[in-house]
Amino acid sequence: MATASGPGRSRSAALEALTLAGSPGGKLSAAGAYVGLADAAGINGQDLTGKIAVADRGSLNFIDKYQNVKAAGAVGLIVVNNRPGPFSGNLTTLSSFPVVAVSQEDGAGLVAAAKAGKTVAIDAPPTVGLTKALNVVAGTSPNLNCRVLVGGHFDTVPGAPGANDNGSGASNVVELARAFASDGLDDGLCFALFGAEESGLYGSKALADRLKTQGKLPAYMVNLDVTGIGDDVEVIGPAELVQRAIDLAKNIGITASKSQLPANAGSDHQSFEDAGVPAVFFTSGDFDTIHTPHDVFADINAKELDAVGDAAYAMIKSLLAEVARGQGRP
Ligand SMILES: [Zn+2]
């Protein structure tokens with residue numbers, strides 16, 4: 001919990017605010033400046049040096065709003081909800097100054113104060129350690145012995161419904177588990193749905209760390225993230241694995257191609273690669289609406305989702321066969 005205050009008619013009023021995850025705590029007081037959505041049009045060339053920016057929620061990720069007002073010189077950011085009630089948000093990385101959120105009701109007066117350049121204040125406790133996330137991990141035995149681990153994250157960012165990122169990949173993971181279970185489960189096959197990917201790959205890191213400590217890292221990891229919008233299947237990973245995935249997809253009439261993540265994007269395969277586990281990452285490659293309110297179920301293309309799932313299924317089968325032959329990594 002944090003507070004943000006703006007002047008009432010004659011004296012200041014304290015408003016309840018929530019500190020965004022990733023924001024440091026801190027107390028500051030400065031002239032307010034209203035910046036609309038905190039995009040270029042909203043900031044409109046204002047010099048925000050030493051000021052606290054007051055922005056509307058929507059359109060941009062919180063991190064983008066933060067970076068835009070910081071670039072213009074702001075020393076604090078208050079985000080006003082675009083629907084009734086308070087909200088909690090996540091910057092997905094650490095900010096250098098406090099970023100808090102207030103309800104739409106409280107925000108109206110704050111916006112008016114900021115438009116008038118009046119003094120606003122933020123009193124924010126730090127958020128570190130205040131959130132919890134869960135992984136869901138499944139295998140044939142509670143005593144996991146994963147040789148091939150198939151996973152995807154099930155969280156999204158505040159303000160984004162998260163259909164493509166990553167309801168799509170999470171549903172692929174669940175459907176792959178169902179398909180493999182109906183074909184007879186392999187003891188070396190595990191499935192994981194990761195929490196807290198968007199805030200820094202925390203879920204996948206925690207599982208990779210645990211398996212490493214136990215000496216039970218899998219031979220391969222298969223990641224599914226943003227798999228619901230696009231025209232073909234994109235595969236990211238070491239060249240040999242990517243080529244194999246492309247060839248296996250071709251065998252079943254699916255066009256797949258080698259791809260790479262856009263700059264500054266990340267996903268759960270990295271946690272396993274960092275632990276020394278080769279990972280193959282399947283995606284549909286259209287990142288246009290992720291992390292926005294437009295990432296909605298209606299835009300998910302079932303055919304594309306199916307193609308990614310089928311391509312991943314073929315690759316997982318191949319990896320399991322390789323591990324069973326003892327040709328995979330030890
Ligand atoms: Zn994602």
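Me: Let's start with Ala196: does it count as buried or exposed?

Reply: Keep in mind that this is a predicted model. Ala196 has 13% relative accessibility, and buried means under 20%, so Ala196 counts as buried.

Me: Where is Ala196 found?

Reply: Ala196 lies in the loop between strand S10 (189-194) and helix H5 (202-213). Its phi is near 50 degrees, which is a positive value in a residue other than glycine.

Me: And what about Ser59, what is its phi?

Reply: Phi of Ser59 is near 65 degrees, again positive in a residue other than glycine. Ser59 sits in the loop between strand S4 (52-56) and helix H2 (62-71). With a relative accessible area of 44%, Ser59 is partly exposed.

Me: OK, zooming out. How many helices and strands does the protein chain have?

Reply: There are 8 helices and 14 strands. The C-alpha trace spans about 75 × 40 × 30 Å along its principal axes. Of the 330 residues in the chain, 52% are buried.

Me: What share of the contacts comes from residues 24 or more positions apart?

Reply: Taking the contacts with a separation of 6 or more, 74% are between residues 24 or more positions apart.

Me: Back to single residues. Where is Asp225?

Reply: Asp225 is in the loop between strand S11 (220-224) and strand S12 (233-236). Asp225 is buried, yet it has no salt bridge.

Me: What does the side chain of Asp225 make a polar contact with?

Reply: With the side chain of Asn166, at 3.4 Å. Leaving out residues up to four places away in sequence, Asp225 touches several others, including His153, Asp165, Glu197 and Phe281.

Me: Which kind of peptide bond joins Asp165 and Asn166?

Reply: A cis one, with omega at about 10 degrees. Asn166 is part of helix H4 (residues 163-182).

Me: New topic, helix H3. Which of its residues are buried?

Reply: The buried residues of H3 are Gly107, Leu110, Val111, Ala113 and Ala114. Looking down the axis of H3, they fall within an arc of 160 degrees, so they line one face of the helix.

Me: What does the face turned away from the buried side carry?

Reply: That face of H3 carries the exposed residues Glu105 and Lys115.

Me: How many residues does H3 have, and what comes just after it?

Reply: H3 (residues 104-115) has 12 residues and reaches 16 Å from its first C-alpha to its last, close to the 16 Å expected. Just after H3, Gly117 takes a positive phi of about 70 degrees.

Me: Last one, helix H8. How far apart are its end C-alpha atoms?

Reply: They are 32 Å apart. At 1.5 Å a residue, the 23 residues of H8 (residues 302-324) should span 33 Å, which agrees.

Me: Which residue caps the N-terminal end of H8?

Reply: Asn301 does, with a side-chain oxygen 3.0 Å from the backbone nitrogen of Lys303. After H8 comes Gly326, with a positive phi near 75 degrees.

Conventions: Residues numbered from 1 in each chain as written. Predicted model: local features only at pLDDT ≥ 70, side-chain atom pairs only at ≥ 80, totals over all residues. Heavy atoms only, no water. Helix = DSSP H or I, 4+ residues; strand = E, 2+ residues; numbered from the N terminus. Expected span 1.5 Å × (residues − 1). Buried < 20%, exposed > 50% of the residue type's maximum accessible area, 1.4 Å probe, protein only. Arc of directions from axis to C-beta. Lys, Arg positive; Asp, Glu negative; His and termini not counted. Salt bridge = Lys/Arg side-chain N within 4 Å of Asp/Glu carboxyl O. Polar contact = N/O pair within 3.5 Å; in protein donor to acceptor, adjacent residues only side chain to side chain. Contact = heavy atoms within 4.5 Å.
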